[in-house]
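Q: I would like to learn how to read a few features of a protein model. Please take them one at a time.

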Amino acid sequence: MKDLRSLLLLATLAAACNTGTKQAGREDDSTAIKAIDSAGLMRDISVLASDEFQGRKPFTIGEEKTLAYLEKRFKEIGLQPGNGNSYLQDVPMVEIQSNPDGDLRINGKKGDLKLTYLDQYVAGTKRVQDQVSINNSEMIFAGFGIVAPEYNWNDYAGLDVKGKTVVVMVNDPGFYDSTLFKGKTRTMTYYGRWTYKFEEAARQGAAGILIIHDVLPASYGWTVVRSGWSKPKLDLQTADNNMSRAAIEGWLTQESAKKLFQLAGVSDTIMNQAKRPGFKPVSLGVSASLTLHNKTRKSVSHNVAALLPGTERKDEYIIYSAHWDHLGVGEAVKGDTIYNGALDNASGVSGLLQLATAFKKLQHPPERSVLFLALTGEEQGLLGSEYYATHPIFPIKSTVADINMDVLNFFGRTKDITIIGKGQSELDDYAAKAAEKQGRFLIPEANPSGGWFFRSDHFNFAKVGIPALYPGSGNQSLYHDSTWAPDHAAMYGRDHYHSPFDQLDPSWELSGMVEDVRFLFDVGLTLSNEDKFPQWKEGSEFKAKR
């Protein structure tokens with residue numbers, strides 16, 4: 001017995017010594033974090049957001065320059081190609097430039113209404129055809145356009161919309177009523193996302209769908225809708241050329257919707273009625289007509305993948321992701337036509353390169369493999385991440401987590417850091433520990449009703465069951481008053497987001513960006529040296545996917 005206890009004690013001491021050595025090694029490894037600095041971040045942002053890169057839109061010279069630059073940088077850092085012998089993953093896409101033949105024409109017994117393209121409506125199609133149209137298509141107001149059995153909600157119950165055009169509201173009922181959907185926390189569900197509404201209208205057989213824009217529930221202004229829909233749009237190639245989609249998809253301004261309801265002889269208070277359970281869809285007694293002439297082009301865009309192989313569990317993978325694309329060259333604003341996308345998302349790609357540099361400088365390489373993934377087509381509907389999630393280079397079941405970066409902090413250090421979708425997975429626990437090391441704490445996003453968890457590439461990883469972490473900038477400045485960070489975030493959203501004025505600004509205070517990227521390095525490094533997989537938390541809609 002005594003000998004057994006002695007053996008156990010010796011084994012325990014040996015394990016402790018080994019652990020201590022390993023932990024000391026990890027502490028030595030942490031010196032790699034110094035590779036993440038403001039000079040490195042600024043260097044890559046200044047190149048990627050330059051006019052030379054023409055706004056980095058897929059299928060353009062901007063893509064060619066971006067791919068060449070990223071491949072060169074990953075080689076300089078010393079990472080292996082992430083897709084066999086290549087740094088590139090082909091992403092087959094189709095580009096569609098839809099040009100309306102004029103106004104959206106709405107005819108009713110009490111008169112007609114003509115809405116002007118871009119100023120009062122936008123419209124496009126995913127169908128790969130030279131021309132699509134709706135002709136005297138009956139218009140139906142279908143509330144939010146949601147079918148959500150788990151919330152006992154069905155706006156299409158008993159409704160046949162085949163060949164008809166549905167008009168729906170943005171967001172979901174929880175935005176207006178805390179007892180509905182996730183309204184208690186004012187968190188938008190995927191049912192509130194505009195992409196879902198187009199998908200559901202197609203499943204219902206609608207010929208057209210128009211979403212009523214409203215600034216607060218949409219969380220962005222009409223200029224964002226206008227700029228996004230005034231350019232050629234991209235989609236993934238499909239076997240049926242997207243013929244299963246509604247012929248016409250688009251948006252109406254709120255003022256246009258009011259005119260529509262007035263023509264139909266329906267009070268616009270009908271939208272308030274639609275926010276309550278039991279609402280019945282209403283035929284508006286008017287019809288819509290519109291023809292789109294389309295220029296289509298099929299081609300291949302690319303994700304960029306670079307790999308740092310693990311030492312002990314090289315067949316398990318941590319992914320760091322950031323989208324390289326932006327909006328390219330588009331409608332002139334104050335004489336400027338290049339949508340440079342400095343923060344959105346040259347900043348995230350620069351962070352990706354900084355993380356790759358830090359991991360490569362580790363004295364003790366990670367036990368798990370780390371994939372650095374620069375994704376295409378995010379601005380067109382998260383296309384690159386959707387393609388990777390459905391055509392993964394490495395198995396989904398062997399992928400531990402995705403850590404995503406999109407629009408990094410440009411206004412200095414903060415006491416806190418935002419976790420978008422906080423409460424979804426155990427990655428929050430890793431993030432909390434990493435933040436604590438920096439003397440910081442986690443907060444949820446300030447506006448969960450904006451649906452931010454569904455608006456960047458991590459979402460497609462979550463959809464296939466991979467726990468995803470998506471941090472945003474903090475809200476409490478370390479050196480300025482309580483309004484500093486919120487005011488800067490609001491200014492960016494108002495004056496720069498998706499405009500030609502998202503440009504490199506020498507006045508940026510990059511200390512916060514450095515600290516946030518170092519925070520993500522800590523999270524990924526911890527994950528890369530463990531043997532367990534983080535899980536989704538109870539109540540997460542993604543839990544069953546794992």
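Q: Where does Gln 54 lie?
A: Gln 54 sits in the loop between helix 2 (38-48) and helix 3. Helices here are DSSP runs of H or I with at least four residues, numbered from the N terminus. This is a predicted model, in which local features need pLDDT of at least 70, side-chain atom pairs count only at pLDDT 80 or more, and totals for chains, interfaces and linings use all residues. Residues are numbered from 1 along each chain as its sequence is written, and side-chain values use heavy atoms, with hydrogens and water left out.

Q: What is the phi of Gln 54, and which peptide bond is cis?
A: Most residues other than glycine have a negative phi, and most peptide bonds are trans. In this model, Gln 54 has a positive phi, near 55°. The cis bond joins Asp 344 and Asn 345, with omega about 5°; Asn 345 is part of helix 9.

Q: How do helix 3 and helix 9 pack?
A: Two packed helices are described by the angle between their axes and the distance between the axes. Helix 3 (residues 61-77) and helix 9 have axes 9 Å apart, at an angle of about 20°. Axes are lines fitted to C-alpha atoms over the stretch in contact, and angles run from 0 to 180 degrees between N-to-C directions. Helix 3 is therefore roughly parallel to helix 9 (under 35 degrees is roughly parallel, over 145 roughly antiparallel, 65 to 115 roughly perpendicular, the rest oblique). Residues in the contact (heavy atoms within 4.5 Å) include Leu 70 and Phe 74 of helix 3 and Leu 352 and Ala 356 of helix 9.

Q: At what angle do helix 9 and helix 14 cross?
A: The axes of helix 9 (residues 342-360) and helix 14 (residues 511-528) cross at roughly 50° and come within 10 Å. These two helices are therefore oblique to each other. Among the residues in contact are Gly 351 and Leu 355 of helix 9, and Phe 521 and Gly 524 of helix 14.

Q: How much area do domain 1 and domain 2 bury between them?
A: The size of an interface is often given as the accessible area lost when the parts come together. The assignment, automatic or from a database, gives domain 1 (29-95 + 297-545) and domain 2 (96-296). Between them they bury about 2,800 Å², with 57% of it on carbon and sulfur atoms; the area is found with a 1.4 Å probe and summed over both parts. In this interface, 33 residues of domain 1 are in contact with 32 residues of domain 2.

Conventions:
Buried area = accessible area lost by both parts, 1.4 Å probe.
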